[in-house]
Amino acid sequence: PGSSTGDGCLVIDCQRMKHIHVDPKERTATAEPGCLLRDLDWETSLHSLAIPAGTVSHTGIAGLTLGGGWGWISRALGLTIDSLLEVRGYLYDGTPITCSRSENPDLFWAVKGAGQNFLTIDSLLEVRGYLYDGTPITCSRSENPDLFWAVKGAGQNFL
């Protein structure tokens, strides 16, 4: 406990901040930082959307996203951070701030490179979703080999 923080740092517990809003028309999902990957996966799947996010369902979505975020569909859709559209949080002095390509773009670029070090994300993350029609995916050693090895390694826990 506490091994991942520096001396004198403040840690904010966001685990009760779990609201997720999915906009199926815009294909976006907005999540509070206490959401786990399973929460986001569930809500987006109800709208046939998929987010290229991690492989462990109990991972926090804020840390996963700002840390890059490699997942089952990342080879096709990129890292989770590549789908990040907007971040809302607070600067070190408590000033609320929104960062996106159009609003505070320099800080948005910095957040995408080292987010945990630049601002406190205790508000919302907005990510782009990708349509998924539920079509079964075939995998073998030659067709979708990354998925094949992931399923083989995870066994019944994956399916």
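## The nonpolar core

In this predicted model, the largest nonpolar core contains 25 residues, and Leu40, Ile61 and Leu84 are those with the most contacts inside it. A nonpolar core here is a set of buried Ala, Val, Leu, Ile, Met, Phe, Trp, Tyr and Cys residues joined through side-chain atoms within 4.5 Å, where buried stands for under 20% relative accessible area, exposed for over 50% and partly exposed for what lies in between, with a 1.4 Å probe and protein chains only. At least two residues of this core come from each of S1, S2, H1, H2, strand S4 (84-90), strand S5 (96-100), helix H4 (105-114) and strand S6 (120-128). In soluble globular proteins, nonpolar side chains tend to be buried together.

Leu40 touches Ile20, Ala29, Ala31, Ile51 and Ile61, if residues up to four places away in sequence are not counted; contact means heavy atoms within 4.5 Å.

## The overall fold

The protein has five helices and seven strands, which follow one another from the N terminus as β-β-α-β-α-α-β-β-α-β-β-α. Helices (H or I, at least four residues) and strands (E, at least two) are DSSP runs, numbered from the N terminus. Of the 159 residues in the protein, 36% are buried, and among contacts with a separation of 6 or more, 47% are between residues 24 or more positions apart.

## One side of helix H1

Which residues of helix H1 (residues 37-45) are buried? Leu37, Leu40 and Thr44 are buried there, and they lie on the same side of H1 because they cover an arc of only 65 degrees around the axis, the arc being that of the directions from the helix axis to the C-beta atoms. The cover over the buried residues of H1 includes strand S1 (20-23), strand S2 (28-31), strand S3 (49-50) and helix H2 (61-66).

Val22, in strand S1, counts as buried because its relative accessibility is 10%. Leaving out residues up to four places away in sequence, Val22 touches Thr28, Ala29, Glu43, Thr44, His47 and Leu49. Val22 and Arg128 are 106 residues apart in sequence, and their C-alpha atoms are 9.9 Å apart in space.

Ser74 belongs to helix H3 (residues 74-77) and counts as buried at 3% relative accessibility. Beyond its neighbours within four places in sequence, Ser74 is in contact with Pro52, Gly69 and Leu79.

Residues are numbered from 1 along each chain as its sequence is written, and side-chain values use heavy atoms, with hydrogens and water left out. Because the model is predicted, local features need pLDDT of at least 70 and side-chain atom pairs count only at pLDDT 80 or more, whereas totals for chains, interfaces and linings use all residues.
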